[in-house]
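Hi,

Here is the structure I said I would pass on.

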Amino acid sequence: MSEVVHTFTTTVPRWQPYVVPVDFATATDEQHAAMQTTPSNKGISPYVLTLAHDPETLAVRSPLFNLIMYGKDGLAASERELGAVAASVVNRCVYCAAVHASRFNNLTKRTDVIEAVFADGLEATLDEHLQEIFNFSARLSTTPPEAVVADAQALADVGLDELEALDLVLSSAIFGWANRLMHTLGEPMKD
C-alpha cells in the first residue's frame, strides 16, 4: 500500500498527481509539441504529463527550466541543485528536495552537505561557500522573501560573480514556483 512521504530523503519518491495526467498517446499536437523539451531530457514524467493540460505554459516552462538548471556558464550545476534544495526545504516540497539532493550528491560525490540539511533544516551548518549559497536561497524562498543586500554581498564575499549570483536567484525562484505546483497538483508517495 502506498503512503505519503512527509520527511526529507534522498530516495526519490513517486509523485502521484491529484488529476489525471495527459495520456501521451492521445495528446493533442499542441500538447505533444509542449512535451518535446522535458526538464531533464530523460523522459516524460507524470508531472510533465500533468502540466501538459496547459500546453502553452509548459512550452515556455520546460526550456526555461533547462536553461536555468542546466546552463553551461555561471554557477556550478551542484550549486544550482543546492539552491533548489534550499527552496524546496523552505517550501516543504519533499519530492523536489529528494530529486535535487540526489543530484547534488551525485555531482559532488559527497553526502555530508545534504545529510546536514535534512538533519538540521535551515539551521544546517555547512562550509562557508555552500552555507552562503544555502542561506541566500532559503532567505529568497521565504514568503515574503527575507534576502537583503547583505546576503548578496555574502555571495560575492565567498567568490560568486554576478552571473553566478543571478543563476542562484533563478534556480531558487523557479523552485518557488515548481514546489508550489507540486504541492497543489500532487503528492510524493512511497510504495
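Below is what turned up, sorted by topic.

Bear in mind throughout that this is a predicted model.

**The annotated span**

UniProt, in an unreviewed entry, lists residues 55–118 as "domain: Carboxymuconolactone decarboxylase-like". In the model that span is 81% helix and 0% strand, and its end C-alpha atoms lie 35 Å apart.

Ser62 sits in helix H3, which covers residues 55–70. Ser62 counts as buried because its relative accessible area is 0%, under the 20% cut-off. Leaving aside residues up to four places away in sequence, Ser78 touches Phe104, Leu107 and Thr108.

**Cysteines**

Searching the whole structure gives 0 disulfides. Cys93 is in none, and the nearest cysteine sulfur to it, that of Cys96, is 3.5 Å away.

Most residues other than glycine have a negative phi, and most peptide bonds are trans. Here are some exceptions to check in your viewer.

- Arg92 has a positive phi, near 55°, without being a glycine. Arg92 is in the loop between H4 and helix H5 (94–108) and is partly exposed, with a relative accessible area of 45%.
- Lys109 also has a positive phi, about 60°, and is not a glycine either. Lys109 falls in the loop between H5 and helix H6 (112–120). With a relative accessible area of 71%, Lys109 is exposed.
- Thr143 and Pro144 are joined by a cis peptide bond, with omega about -5°. Pro144 is in the loop between helix H7 (128–141) and helix H8 (149–157).

**Salt bridges**

Side chains of opposite charge can pair when their charged atoms come close. How many salt bridges does the structure hold? The count is 5, and I'll walk through some of them.

Asp191 and Arg14 meet through their side chains at 2.8 Å, N to O. Asp191 is in the segment after strand E3 (186–190) and Arg14 is in strand E2 (residues 14–17), so this pair ties together parts that are 177 residues apart in sequence. Asp191 is exposed, at 64% relative accessible area, whereas Arg14 is partly exposed, at 30%.

Arg110 and Asp127 form another salt bridge, at 3.6 Å, N to O. This pair links distant parts of the chain, 17 residues apart: Arg110 is in the loop between H5 and H6, and Asp127 in the loop between H6 and H7. Arg110 is partly exposed at 30% relative accessibility, and Asp127 is partly exposed at 35%. There is a network here too, with Arg110, Asp112 and Asp127 linked by salt bridges.

Asp151 and Arg139 also meet in a salt bridge, at 2.5 Å, N to O. Asp151 lies in helix H8 and Arg139 in helix H7, so the pair ties together parts that are 12 residues apart in sequence.

**A nonpolar patch**

Leu163, Leu166 and Leu170 make a nonpolar surface patch of about 240 Å². Leu166 is in helix H9, which covers residues 162–185. Its relative accessible area is 43%, so Leu166 counts as partly exposed.

That's the set from my side.

Cheers

Definitions and conventions. Residues numbered from 1 in each chain as written. Predicted model: local features only at pLDDT ≥ 70, side-chain atom pairs only at ≥ 80, totals over all residues. Heavy atoms only, no water. Disulfide = S-S within 2.5 Å. UniProt positions renumbered as here; feature names shortened; annotations may be inferred. Helix = DSSP H or I, 4+ residues; strand = E, 2+ residues; numbered from the N terminus. Patch = residues over 30% accessible without salt bridge, like charges linked within 9 Å, V, L, I, M, F, W, Y side chains within 5 Å. Areas by Shrake-Rupley, 256 points an atom, 1.4 Å probe, with all protein chains shown as cover. Salt bridge = Lys/Arg side-chain N within 4 Å of Asp/Glu carboxyl O. Buried < 20%, exposed > 50% of the residue type's maximum accessible area, 1.4 Å probe, protein only. Contact = heavy atoms within 4.5 Å.
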